[in-house]
Every structure is written in structure tokens, then in C-alpha cells.
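The sequence and the structure come first, and the description follows.

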Amino acid sequence: MSTAASRTSTAPASVPVRMLFDRLLVQPEVDAAERQTSAGLVIPATAKGPKRLAWAVVVAKGEHVRQVAVGDRVLFDPEERAEVELGGTDYVLLRERDVHGVSEKESDAGATGLYL
């Protein structure tokens with residue numbers, strides 16, 4: 001496989017970087033610094049509470065990443081991350097082992113199969 005082909009398969013054209021080894025470049029979905037409750041109250045970043053994980057979308061992956069694909073929605077710990085800005089957009093660098101889970105795709109019926 002040529003170098004140009006491997007770049008296009010691991011990173012979209014909008015991200016001018018090729019990830020190495022087991023690294024992932026993800027774009028966080030929401031700012032984990034401030035949260036909002038279902039009632040509309042804003043919880044500031046300084047408020048202490050239980051450790052919360054955050055969701056992000058994988059935009060690029062290294063050649064040794066095995067279980068995560070570009071476009072997957074992953075769960076990670078926002079306190080254990082390295083941030084980078086590319087083209088005015090903030091991204092997070094992770095190792096594959098720092099990902100706690102990958103969101104399953106919704107089925108045609110819209111049910112996830114999980115029951116509480």
C-alpha cells in the first residue's frame with residue numbers, strides 16, 4: 001500500500017496529520033469543562049463531583065490501531081489527554097488503550113438492545 005493511500009484511509013482530507021503507531025486523534029463532542037443538567041442549570045468546571053468520562057469522534061488513527069475505526073464514537077477520560085489545535089479546531093490525542101469504550105451503531109429499529 002502506498003503512503004498516499006494509507007493517509008487517505010486513516011485521516012480525512014480536513015485533518016493535515018498522519019497518526020503514528022497506536023495513536024488516535026479525536027474531536028470531543030462537547031466541552032467537558034462545564035456541564036448542564038436536564039433542568040438547565042450550568043455546573044461550572046470548578047465544581048467537584050464524580051469522575052466523568054467524555055465522548056469524542058475519531059478523525060484519524062495510527063496504523064497499529066486494531067479495534068477503533070475513523071468515524072467511531074469513543075468514550076475516554078478527559079483528565080488523561082493531550083490537546084492539539086489544527087486549523088482552528090481543537091482535537092485530543094489518545095492511545096488506543098486509553099479508550100474505555102466504542103459506541104455501538106444504532107440498528108434499523110432504533111433500539112440499542114440494552115435494558116435498564
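## Surface and basis of the model

Accessible areas come from the Shrake-Rupley method with a 1.4 Å probe, and for residues only the protein chains shown count as cover. On this basis the protein chain exposes about 8500 Å², of which carbon and sulfur atoms supply 51%. A residue is called buried under 20% relative accessible area, exposed over 50%, and partly exposed in between (1.4 Å probe, protein chains only). Buried residues make up 24% of the 116 residues in the chain.

The model is predicted, so that local features need pLDDT of at least 70 and side-chain atom pairs count only at pLDDT 80 or more, whereas totals for chains, interfaces and linings use all residues. Residues are numbered from 1 along each chain as its sequence is written, and side-chain values use heavy atoms, with hydrogens and water left out.

## Fold and sheet

Helices (H or I, at least four residues) and strands (E, at least two) are DSSP runs, numbered from the N terminus. The protein chain has one helix and eight strands, and along the sequence they follow the pattern α-β-β-β-β-β-β-β-β. With a contact taken as heavy atoms within 4.5 Å, residues 24 or more positions apart account for 63% of the contacts with a separation of 6 or more.

Two strands are said to pair if DSSP finds at least two bridges between them. Six strands form an open sheet with antiparallel pairing, in the order E6-E7-E1-E4-E5-E8. Strand E6 (82-86) and strand E8 (99-102) are the edge strands, each pairing on one side only. From one strand to the next the twist averages 45°, where axes are lines fitted to C-alpha atoms and angles run from 0 to 180 degrees between N-to-C directions. Within the sheet, strand E4 (residues 54-61) pairs with E5 in the antiparallel sense over four bridges, and Ala-54 stands opposite Phe-76 in E5.

## Nonpolar cores

A nonpolar core is a set of buried Ala, Val, Leu, Ile, Met, Phe, Trp, Tyr and Cys residues joined through side-chain atoms within 4.5 Å. The largest one has 12 residues in all, including Leu-24, Ala-54, Val-74, Phe-76 and Val-92. The elements E1, E4, E5 and E7 each give two or more residues to this core, and E4 gives the most, with three. Apart from it lies another core, of six residues, among them Leu-25, Val-59, Ala-60 and Tyr-91.

Ala-54, one of the residues of the largest core, touches Val-74, Leu-75, Phe-76 and Pro-78, not counting residues up to four places away in sequence.

## Salt bridges

A salt bridge is a side-chain nitrogen of Lys or Arg within 4 Å of a carboxyl oxygen of Asp or Glu, and the structure holds three of them. Asp-22, Arg-23 and Arg-95 are linked in a network: the side chains of Arg-23 and Asp-22 meet at 2.9 Å, N to O, while the closest N and O atoms of Asp-22 and Arg-95 are 3.6 Å apart. Because Asp-22 lies in the loop between helix H1 (3-10) and strand E1 (23-28) and Arg-95 in strand E7 (residues 89-95), this pair ties together parts that are 73 residues apart in sequence. Asp-22 counts as buried at 18% relative accessibility, whereas Arg-23 is partly exposed at 29% and Arg-95 is partly exposed at 28%.

In another salt bridge, the closest N and O atoms of Arg-73 and Glu-29 are 2.8 Å apart. This pair links distant parts of the chain, 44 residues apart, with Arg-73 in strand E5 (residues 73-76) and Glu-29 in the loop between E1 and strand E2 (35-36). Arg-73 is partly exposed at 31% relative accessibility, and Glu-29 is partly exposed with a relative accessible area of 37%.
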